[in-house]
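Open the model in your viewer and keep the selection tool ready. This tour tells you what to pick next and what is there.

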Amino acid sequence: MKIVHVASELYPYVKTGGLADAVGALVTTLAERGHEVAAIVPGYRALLDRPEAAGAARALRLHIPMGDVTYVGEVRAFSPRPRLTVYLICRDECFDRRGLYGNGERDYEDNAHRFLFFQKGAIEAMSLLDGTADIVHCHDWQAALLPLLLREAERRTRTVLAAKTVFTIHNILFQGLFPMRHFDATNLPPEYRGIDGLEFYGQMNWLKGGLLYADKITTVSPRYAEEIQTPAFGCGLEGVIATRRGDLHGLINGIDPTVWNPAIDPLLPARYNSEDLAGKAACRQALLKLTGLEATAKTPIYGMVCRLTEQKGINLLLANKDFFLKEKVRLVVLGSGEKRYEEAVKALCESAPGKMAFAHRLDEGMSHLIEAGSDFFLMPSLFEPCGLNQMYSQVYGTLPLASDVGGLSDTVIDLDREPRAGTGLTFAATIEGLRHALKRSLRLFADPARYSAAQRRGMTKDFGWATAATAYEKLYQDVG
Ligand code: ADP
Ligand code: GLC
């Protein structure tokens, strides 16, 4: 099939979170399976500076109407592997910035224009494809208006650019909510302004547009697909989702085994597999050395790597600080995000040097070392559409402690509930839930036979993209 993916992030070129990993692995897998795949992403400065993209040739000049002004830009293209072409929608004024979405303090004020330009540019770039696309697959709010913009463009120009559209929600919290005054820049007919269109409590909501106008909707785990139909998780869009229930599917992400595999991982100081864990011990030593934590042998290390936001349950961690202060354990956290959390985690870790360490940065190498060198991996998320680290940690022989929500429920089996199949510990996403799981983890660590059996089960579990890719292929065929 001819498949176009439109997303704001794409591993390995540009990443702030799991969206990049998921889209990067999906487009690669689909290309490997024989499909003709295009990935369309914004031409961020960081991406253009990468060696793979530096020589990307200009494929098209863009003149994009934005209300009654025209934005000029260009499409550049490069092909990193057979059957995969990456198209970059470039305009320096929009994408030559330090951050992707904001300056660290707040979102950029012109995000509506930046990502409208991106989506309209993506539609223009589709004219470069050799023939009509079978599927245009859009991801998250940055591409959520595209199904509607595409159909309107086709109607205006009497062409068919794509047979069907699919929209995937990676996180319903981020909706692309903008003041209605930006509507004019969409150049959509006025009927889409109203409540039956993009209007949402007086604002324009792009995610709502994706939900209403894509032919099929997916999200990244079966459990999250159920959760977002409820007020507790639907972030106000549960009513809209209810109107599309029959077209909503929960397809779990996979992990990329060429990137996340301890047997071949070039970012680790030593490699290992489920038959021979000597390399894991070396990674553990390297992690202790790097972080300056006490190098005592027999007490557990808890690792955590995440965006420091409310979603990731930082408050649950902070409320359980006594556990980390009083018990014979060590904690290492790698993350960046909201200032209030950065400061709180930093203060906690500085109060017990040798026991706790905090690295405040984005660091791909260190994230791999934490996955490999820890004994337990913490994911006390309040909600988690899919979550990737709980899968990475199982494959790296590090038992996840994960709250019982979203994709975490779908991918971690609790060892106390299912002693023969368990690969980690799951708990209610509350302070007490985490406290209880931490206590259970101490008992588990004190029982090496039980710990190793769970560890081996996790390491040999198949989290590869083949299952997910097959499910997407079936969806693409069904929608067609
Ligand atoms: P989300 O997309 O909600 O942030 P996921 O679990 O799906 O959560 O994916 C997070 C990805 O981002 C993982 O690959 C994780 O290792 C990575 N990551 C998060 N924070 C950092 C960091 N500070 N340094 C390096 N990688 C990070
Ligand atoms: C989002 C979600 C995360 C998911 C990722 C990739 O960032 O927060 O749970 O794993 O997208 O789908």
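Start with ligand 2. Its shell takes at least three residues from each of domain 1 (2-254 + 465-478) and domain 2 (278-459). The domain bounds come from an automatic or database domain assignment.

Before going on, note that this is a predicted model, in which local features need pLDDT of at least 70, side-chain atom pairs count only at pLDDT 80 or more, and totals for chains, interfaces and linings use all residues. Residues are numbered from 1 along each chain as its sequence is written, chains are lettered from A and ligands numbered from 1 in the order in which they are written, and side-chain values use heavy atoms, with hydrogens and water left out.

**Stop 1: ligand 2**

Select the residues around ligand 2. There are 14 of them, and His170, Asn253, Glu384, Cys386 and Gly387 come nearest. A residue counts as near if one of its heavy atoms lies within 4 Å of the molecule or strand. The shell divides into 6 nonpolar, 6 polar and 2 charged residues. Here Ala, Val, Leu, Ile, Met, Phe, Trp, Tyr, Cys and Pro count as nonpolar, Asp, Glu, Lys and Arg as charged, and the others, Gly among them, as polar.

Which helix gives the most to this shell? Select helix α1 (residues 18-32): it supplies 3 residues. Helices (H or I, at least four residues) and strands (E, at least two) are DSSP runs, numbered from the N terminus.

Now show the polar contacts (pairs of N or O atoms within 3.5 Å; within protein, one must be able to donate a hydrogen and the other to accept it, and residues adjacent in sequence count only if both atoms are side-chain atoms). A polar backbone atom of Gly387 is 2.7 Å from an oxygen atom of ligand 2. For a polar side-chain atom of Asn253, the distance to an oxygen atom of ligand 2 is 2.8 Å. For one of Gln311, it is 3.2 Å. Taken alone, ligand 2 exposes 310 Å², and the protein buries 93% of that. Such areas come from the Shrake-Rupley method with a 1.4 Å probe; for residues, only the protein chains shown count as cover.

**Stop 2: ligand 1**

Move to ligand 1. Of the 21 residues around ligand 1, Gly18, Asp21, Arg307, Lys312 and Arg361 come nearest. This shell holds 6 nonpolar, 7 polar and 8 charged residues. Strand β13 (301-308) gives the most, with 3 residues.

Zoom in on Arg361. One of its backbone N or O atoms lies 2.7 Å from a nitrogen atom of ligand 1. Then pick Arg307: an N or O atom in its side chain is 2.8 Å from an oxygen atom of ligand 1.

**Stop 3: the two domains**

Colour domain 1 and domain 2 separately. Their C-alpha centres lie 32 Å apart. The contact (heavy atoms within 4.5 Å) takes 20 residues from domain 1 and 18 residues from domain 2.

**Stop 4**

Select His137, in strand β6 (residues 133-139). Is His137 buried or exposed? It is buried, at 0% relative accessible area. Its contacts beyond four places in sequence include Val4, Leu26 and Tyr472.

Finish at Val72, in strand β4 (residues 69-81). Val72 counts as partly exposed because its relative accessibility is 39%. Buried means under 20% relative accessible area, exposed over 50%, and partly exposed in between (1.4 Å probe, protein chains only).
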